Amino acid sequence: MEGGDHLAHERKKAQFDVEAMKIVWAGSRHAFEVSDRISKLVASDPAFRKDNRPMLSRKELFKNTLRKAAYAWKRIIELRLSEEEASKLRFYVDEPAFTDLHWGMFLPAIKGQGTEEQQQKWLPLAYKMQIIGCYAQTELGHGSNSSKWWPGGLGKISTHAVVYARLITDGQDHGVHGFIVQLRSLDDHSPLPGITVGDIGMKFGNGAYNTMDNGVLRFDHVRIPRDQMLMKVSQVSREGKYSQSNVPRQLVYGTMVFVRQTIVADASCALSRAVCIATRYSAVRRQFGSQNGGPETQVIDYKTQQSRLFPLLASAYAFRFVGEWLKWLYTDVTQRLQANDFSTLPEAHACTAGLKSLTTAATADGIEECRKLCGGHGYLCSSGLPELFAVYVPACTYEGDNTVLLLQVARFLVKTLSQLGSGKQPVGTTAYMGQVEHLMQCHCNVQKAEDWLKPAVILEAFEARSARMSVACAKNLSKFTNPEEGFAELSGDLVEAAIAHCQLIIVSKFIEKLQQDIPGKGVKQQLGVLCNIYALFLLHKHQGDFLSTGCITPKQAYLANEQLRALYSQARPNAIALVDAFNYTDHYLGSILGCYDGNVYPKLYEAAWKDPLNDSVVPDGYREYIWPMLKQQLRTARL
Ligand SMILES: CCCCC/C=C\C/C=C\C/C=C\C/C=C\C/C=C\CC/C=C/C(=O)SCCNC(=O)CCNC(=O)[C@H](O)C(C)(C)COP(=O)(O)OP(=O)(O)OC[C@H]1O[C@@H](n2cnc3c(N)ncnc32)[C@H](O)[C@@H]1OP(=O)(O)O
Ligand SMILES: Cc1cc2nc3c(=O)[nH]c(=O)nc-3n(C[C@H](O)[C@H](O)[C@H](O)COP(=O)(O)OP(=O)(O)OC[C@H]3O[C@@H](n4cnc5c(N)ncnc54)[C@H](O)[C@@H]3O)c2cc1C
């Protein structure tokens, strides 16, 4: 079959209104319209071509990224795009660049930690891109006194950085503070006196994150003007006197709360992209299972394929909704901070840290699983999956190593439990800890597989598991005379308790989403199926936790798995429509296997001939190396 829509028969099977689901996925009609318009704008502009990335040398790749970034900025100005539209445009250009750090961290750091005066001075320059900034926190070695190492945009492009360094006045160390530092001349881009700066070198994968100039930075007797210390949290007077505002010191780390929140939203984009590719290809691919000479089985109909693919599809939706909620939480905490209410900052920190950890780990693993789900073709760059994996996998490390972040969550949980004794009622995502006595002894009320479809049953099982794991950690910790020693010794269990808590958050936010009014024929039902797949898949995967804490019985674990299989069958006819609802253009997907029309094989065949290696029939190097070898063997054979 040539041309046409090879997936049309699949699209006809959908039992829900795909257009309505697109609005739910986007978050609102307005968000959908912006996203749809900007994605098409980028896809239709040849200047944003990206299929040649894996073939380019580092220098060509980097120059190409600079060209695209400059062109994108020109279009943003010409079209008078709003901030929302401009950020969508950068998203659909789909190439990591110094601009991510400028807009994503440098500007937010000044907004969050600069005084009004500092904001008035620096933000207009940054908004007009008259200065370009990065975020320099991480060090090559340890302590805030060696060389900065890793900051994106630092290596070759940034003119300024927010640098985190120890503040010492009158011989007293006041800990880490943020400073705006000019790095390069605004005239000829050369480093300012005392500053050594450069790129840290090639990173994992061809193309991929190598479009970014992650950098190294050293200072030698560099003077930073006093008014370039970010002074919202603490100040140094002209006389060198240090003082602190009436705000928690933790606000110095506020930019991380913001960025981790965006990383959660981004996880749903990266995972949904991989899942879209794997789902479409699984419907196109037929392999074995032919009966009476009929067509072979579509691999999407194999239960094993479904049990690997559909939980990822459900996870993409789950991460989307928890990301939406996290954005709300961040907005809420920001408004409270402005009114000097700091009470929800620890929870916002724990939620952003924990959810960043969980969603990036699941997404990185999920992209790799999608590659395997596509068989051999998944390993071709033209599948889009190798590059997506290489770009995505550092998300498990940047903005805080995922294990380190889970330990932060564990500290928060242990603290929450310890405060119960003093009568402090937990709120928000830890409110369930208030019912700890009930959760420690409740029994799961599942007698038949369908009982697992009740939201209250699922929630109670997840709450009980999380509470019991945290309480067990707290009890074990209390046996240590030195709490830090105990924390280190039990860190493995603490990480598992933190994971259980964060999974509960994701499940509960999906369930809350379903309690909203969701218009569109069959949309809510499909989301209900996905929500149950997500929850029961987690329960099945972590059944060891649920069983060992006595939250469910072996029979109930068996019933959960039985229900899960039934849910896969319900999701099957809707699978293609559920990935169509992401509304990704072929340009954004960047994958032959995932193309909308499913016309995979002719496109793969054509693409192969475009590889530079096929420019000539006899490759470069043949005459030099292979021909003499063949000749030699021919001679030996004749002897
Ligand atoms: C195929 C092509 C695809 C192309 C794709 C294209 C484009 C993608 C484009 C965009 C992607 C979109 C979104 C992503 C956006 C940006 C990402 C882009 C690039 C990545 C940039 C990366 C930047 C970085 O990595 S910056 C460096 C970040 N570093 C870390 O996170 C270090 C981790 N460590 C910590 O967080 C530590 O806690 C600390 C901050 C170093 C402090 O340590 P310490 O002093 O030991 O104190 P603690 O004991 O940990 O904590 C003390 C006290 O403070 C509380 N605390 C800690 N952190 C925070 C916080 N952030 N907020 C509030 N409170 C905090 C802690 O709980 C404790 O409190 P307590 O005393 O009450 O217990
Ligand atoms: C692509 C990329 C982009 C980046 N961009 C930036 C940027 O723009 N700006 C910036 O400042 N930084 C940036 N970083 C740096 C990033 O934030 C750090 O790499 C990250 O915070 C992890 O720190 P680390 O590299 O020192 O790892 P380490 O802390 O050395 O971790 C090594 C191992 O030790 C374990 N470990 C560490 N501490 C503990 C602990 N307390 N308990 C138990 N286990 C522990 C970790 O789990 C990990 O397995 C970037 C990194 C990457 C990969």
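This is a predicted model: local features need pLDDT of at least 70, side-chain atom pairs count only at pLDDT 80 or more; totals for chains, interfaces and linings use all residues.
Reader: At what angle do helix 12 and helix 14 pack, and how far apart are their axes?

Author: Axes here are lines fitted to C-alpha atoms, for helices over the stretch in contact, and angles run from 0 to 180 degrees between N-to-C directions. Helices are DSSP runs (H or I, at least four residues; strands are E, at least two), numbered from the N terminus. In this case, helix 12 and helix 14 (residues 455–477) pack at about 80°, their axes 10 Å apart. So helix 12 is roughly perpendicular to helix 14 (65 to 115 degrees counts as that; under 35 is roughly parallel, over 145 roughly antiparallel, the rest oblique).

Reader: Which residues make the contact?

Author: Contact means C-beta atoms, placed from the backbone, within 7 Å. Helix 12 brings Leu413, Val414, Leu417 and Ser418, and helix 14 brings Ser470, Val471, Cys473, Ala474 and Leu477. By class that's 7 nonpolar, 2 polar and no charged residues (nonpolar: Ala, Val, Leu, Ile, Met, Phe, Trp, Tyr, Cys and Pro; charged: Asp, Glu, Lys and Arg; polar: the others, Gly among them).

Reader: How many residues surround ligand 2?

Author: A residue is near a molecule if its C-beta atom, placed from the backbone, lies within 6 Å of it. Ligand 2 has 19 around it, with Gln137, Thr138, Trp150, Pro394 and Thr403 the closest. Helix 12 gives the most, 3 residues.

Reader: And which helix gives the most to the shell around ligand 1?

Author: Helix 8, with 6 residues.

Technical notes. Residues are numbered from 1 along each chain as its sequence is written. Chains are lettered from A and ligands numbered from 1 in the order in which they are written. Two residues are in contact if their C-beta atoms, placed from the backbone, lie within 7 Å.
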